[in-house]
Amino acid sequence: MVRDVDKPAIGSNEVLVKVIEVGMDGTDKEIGEGLYGEAPAGSEYLIVGHEAIGVVEDVGSGVKGFKKDELVVATVRRPDSCINCVNGQSDMCLTGNYTERGIKGAHGYMAEYYKEVPDFLVKIPDSIKGVAVMLEPFSITEKAISQIFAIQKRMIWKPHTAVVLGTGSVGLFAAMQLRLRGIDVFSVDRSSASGVKNDIFEALGIEHIDSSKDGIGSLPKTIGKNIDIVIEATGNPDAVRGSLGITGINGVDCLLSVTGGTSMESIDIAKLGYDMVLGNRIVFGSVNSNRAHFEMGVNDMIEVEKRYGGVLEKLITRFPVSAFKTYDVLNEKSRIKNVFVM
Ligand code: BGC
Ligand code: ZN
């Protein structure tokens with residue numbers, strides 16, 4: 001629902017941001033359905049929205065480095081006092097006592113204005129103004145990929161082949177960022193590629209595989225090469241399980257979707273253990289992103305725009321904020337990202 005709230009009053013170290021556009025994703029859908037999320041302590045409602053581009057409207061007297069009319073995107077997570085959080089890595093919070101704006105214990109950006117301290121604001125160059133509303137999900141895959149490369153420092157590693165399961169925005173961003181790094185990418189979902197997705201695959205030289213017939217298990221055979229990287233971005237437990245069985249020798253499987261519910265299907269643990277040990281395989285999970293990943297995302301968005309101009313914009317369907325009342329827009333199929341214009 002839409003409600004009136006007070007315009008935030010900024011303190012001397014805060015920045016007032018006027019919101020331009022807000023993106024909605026699967027997490028927002030779950031919050032809307034009451035399955036996830038948490039209002040701030042003492043509040044009976046949560047202002048949603050954790051993906052937003054805005055423009056600086058006002059700066060407190062003690063703020064350095066920001067001025068009126070600059071474009072900004074805010075990060076999502078806010079730290080507690082654990083060692084990772086106090087060192088700028090709240091995405092690796094050790095306690096779970098972090099908050100997340102628009103998701104967990106803190107209001108988000110689906111409002112005319114929000115206020116924030118400079119540490120959590122990332123400046124956006126004009127050249128990506130039209131697509132930077134997607135910087136937050138884009139930063140999620142930047143984190144995942146940088147973690148993959150950090151983990152694989154355990155050996156000499158020259159990855160050639162990656163499989164990305166899922167072609168929602170996160171899956172597509174992962175595929176794009178891997179392509180920027182010169183890796184052959186197979187993008188997998190259970191449909192034949194069409195429309196916008198097909199345009200993106202063609203522009204970036206990504207191969208699409210429809211797994212609806214043969215399943216995920218046959219991918220190593222279909223692809224015929226050692227799969228160095230698997231990224232699971234479907235939210236589907238079958239795909240999580242499938243990802244475990246396709247990771248190649250010395251390969252790494254990154255689970256990236258917040259997979260809800262329960263799935264009790266059995267798997268052969270002995271075989272899984274055997275394959276993981278004999279093939280030096282790794283499975284790990286990755287959530288959220290910190291400022292460094294947003295900054296990597298800015299650079300990669302600029303690069304995508306330069307090399308494949310226009311593909312990011314194709315992912316967006318825009319709605320006026322009044323459409324927020326009819327939550328159905330989140331199910332709109334033709335495009336991937338729903339963006340609300342404030
Ligand atoms: C957001 C992340 C967040 C996660 C879990 C995702 O939709 O992009 O920033 O950490 O949800 O709440
Ligand atoms: Zn923490």
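1. T161 has contacts (heavy atoms within 4.5 Å) with I183, D184, F186, I223, K225, N226, I227, D228 and I229, leaving aside its neighbours within four places in sequence. T161 and I229 lie 68 residues apart in sequence, yet their C-alpha atoms are 6.6 Å apart in space.

2. A word on the basis: this is a predicted model, in which local features need pLDDT of at least 70 and side-chain atom pairs count only at pLDDT 80 or more, while totals for chains, interfaces and linings use all residues. Residues are numbered from 1 along each chain as its sequence is written, chains are lettered from A and ligands numbered from 1 in the order in which they are written, and side-chain values use heavy atoms, with hydrogens and water left out.

3. T161 belongs to strand β9 (residues 161-165); strands here are DSSP runs of E, at least two residues, and helices are runs of H or I, at least four, both numbered from the N terminus. With a relative accessible area of 2%, T161 is buried (under 20% relative accessible area, 1.4 Å probe, protein chains only).

4. Now the metal: D80 (OD), C82 (SG), C85 (SG) and C93 (SG) coordinate the zinc ion (ligand 2) at 2.1 to 2.3 Å. Donors are N, O and S atoms within 2.8 Å of the metal (3.2 Å for Na, K and Ca); water is not among the atoms, so sites may look incomplete. Along the chain, the donors of the zinc ion (ligand 2) follow the spacing D-x1-C-x2-C-x7-C, and both C85 and C93 are buried.

Definitions and conventions:
Buried means under 20% relative accessible area, exposed over 50%, partly exposed in between (1.4 Å probe, protein chains only).
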